[in-house]
Amino acid sequence: MSAEILSGKDVAAALRAEVADRVAVLAGRGKSVGLATILVGDDAASQIYVRSKHRAAEKAGMLSFDHHLPAGTSQEQVERVVASMNRNKDVSGIIIQLPLPAGLDGNRAVGAIDPAKDADGLHPHNLGLLALERSALRPATPDGIMRILEHYGVETDGKVALVLGRSVLVGKPLGLMLGAKGVDATVIQAHSRTRDLDDLIGRADIVVAAIGKPGFVMGDQLKPGAVVIDVGINRTPEGLVGDVDFESAADVAGAITPVPGGVGVMTVASLLANTVTAAELTAG
Ligand code: NAP
């Protein structure tokens, strides 16, 4: 293995410490910071994610509000809880744990969040600001990726960045962030209908894999020295693996994020950062 390991752990720890300091400053001014989550149903993985968000929020000195609604909750009931969190002055950030169970409209529920409390940065208002390069609250996972690139001094200016995936959660906003003025990568946004993917992977200086397919990107596809960001979280009989075959990729790449311990640990830290930013903006 020759690649530098881009661990998210140190970057996340530093960001969490910075968030805790900012929460303490607000507390000194008599302003509390609170994170509210809304989870519907009994999905085990979602429950684990939500618990980890509350633990992290409390460690950072935030209040946390946990709304766990039973499967079978109606869209209107979900949106009533959102509306009550919008009104609650102790709540600075709101997260709807996605995906919602079948029959519920996640986009509509996220659209009901007050954009000023949109801790996940997924409200259409904040996604619009991201497109305008004026965003304060950015989608947490791509924001975490950008922080990793910045921390390790990965050069993006004029580099070819291939983003595999175009979801609203990861691929699409990351494409906007990488192509923004000041970051200046030349972005190729790939998806399931993209042709000649092998050729595109081989030309990219930065490869981001966010598709949800274990070991999809192999080392022999990569340009030697490429920076590889593995967003995938896939549960397999062998354990948690990414969308990149780590063993083969680490022999060819210049740098690579591990799974676990790479992008995943940044996501919670970034959404805490959004929550304290939201509180600061409200506090003035
Ligand atoms: P998603 O909504 O299912 O989107 C997957 C994307 O991959 C789609 O745009 C799809 O294309 C594209 N795709 C599928 N097969 C492809 C192929 N063969 N070649 C090129 N593109 C292909 O998934 P997501 O929410 O973005 O998540 C992606 C992965 O990241 C998952 O493993 C998820 O668990 C993980 N994730 C991790 C974090 C974290 O914190 N680390 C956060 C969120 C997600 P189409 O649009 O054409 O269907």
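A salt bridge is a side-chain nitrogen of Lys or Arg within 4 Å of a carboxyl oxygen of Asp or Glu. In this predicted model, that rule gives a count of eight salt bridges. One of them links Glu 280 with Arg 22. The closest N and O atoms of this pair are 2.8 Å apart, which meets the cut-off of 4 Å. Side chains of opposite charge can pair when their charged atoms come close.

Six strands make up an open sheet. Their order is S1-S11-S8-S7-S5-S6, and the pairing is parallel. Strands of a sheet pair through backbone hydrogen bonds, either parallel or antiparallel. Strand S1 (4–5) and strand S6 stand at the edges. Each has a single partner strand, so one side of each is left without a neighbour in the sheet.

Two of the pairings can be followed in detail. Strand S7 (residues 206–209) runs parallel to strand S8 (residues 227–230), and four bridges join them. Within this pair, Val 208 stands opposite Ile 229 in S8. Strand S5 (residues 160–164) pairs with strand S6 (residues 186–190) over five bridges, again in the parallel sense. Here Ala 161 faces Val 187, a residue of S6. The chain passes from S5 to S6 by way of helix H7 (residues 171–179). This β-α-β crossover is right-handed. In a regular strand the side chains alternate between the two faces of the sheet.

A polar side-chain atom of Ser 167 lies 2.5 Å from an oxygen atom of the ligand. For Arg 166, the distance from a polar side-chain atom to a ligand oxygen atom is 2.8 Å. Val 231 contributes through its backbone: an N or O atom there lies 3.4 Å from a nitrogen atom of the ligand. On its own, the ligand has 930 Å² of accessible area, and the protein covers 72% of this.

Technical notes:
Residues are numbered from 1 along each chain as its sequence is written. This is a predicted model: local features need pLDDT of at least 70, side-chain atom pairs count only at pLDDT 80 or more; totals for chains, interfaces and linings use all residues. Side-chain values use heavy atoms; hydrogens and water are left out. A polar contact is a pair of N or O atoms within 3.5 Å; within protein, one must be able to donate a hydrogen and the other to accept it, and residues adjacent in sequence count only if both atoms are side-chain atoms. Accessible areas come from the Shrake-Rupley method with a 1.4 Å probe; for residues, only the protein chains shown count as cover. Two strands pair if DSSP finds at least two bridges between them. Helices (H or I, at least four residues) and strands (E, at least two) are DSSP runs, numbered from the N terminus. A crossover is right-handed if, with the strands pointing away from the viewer, the path from the first strand over the helix to the second runs clockwise.
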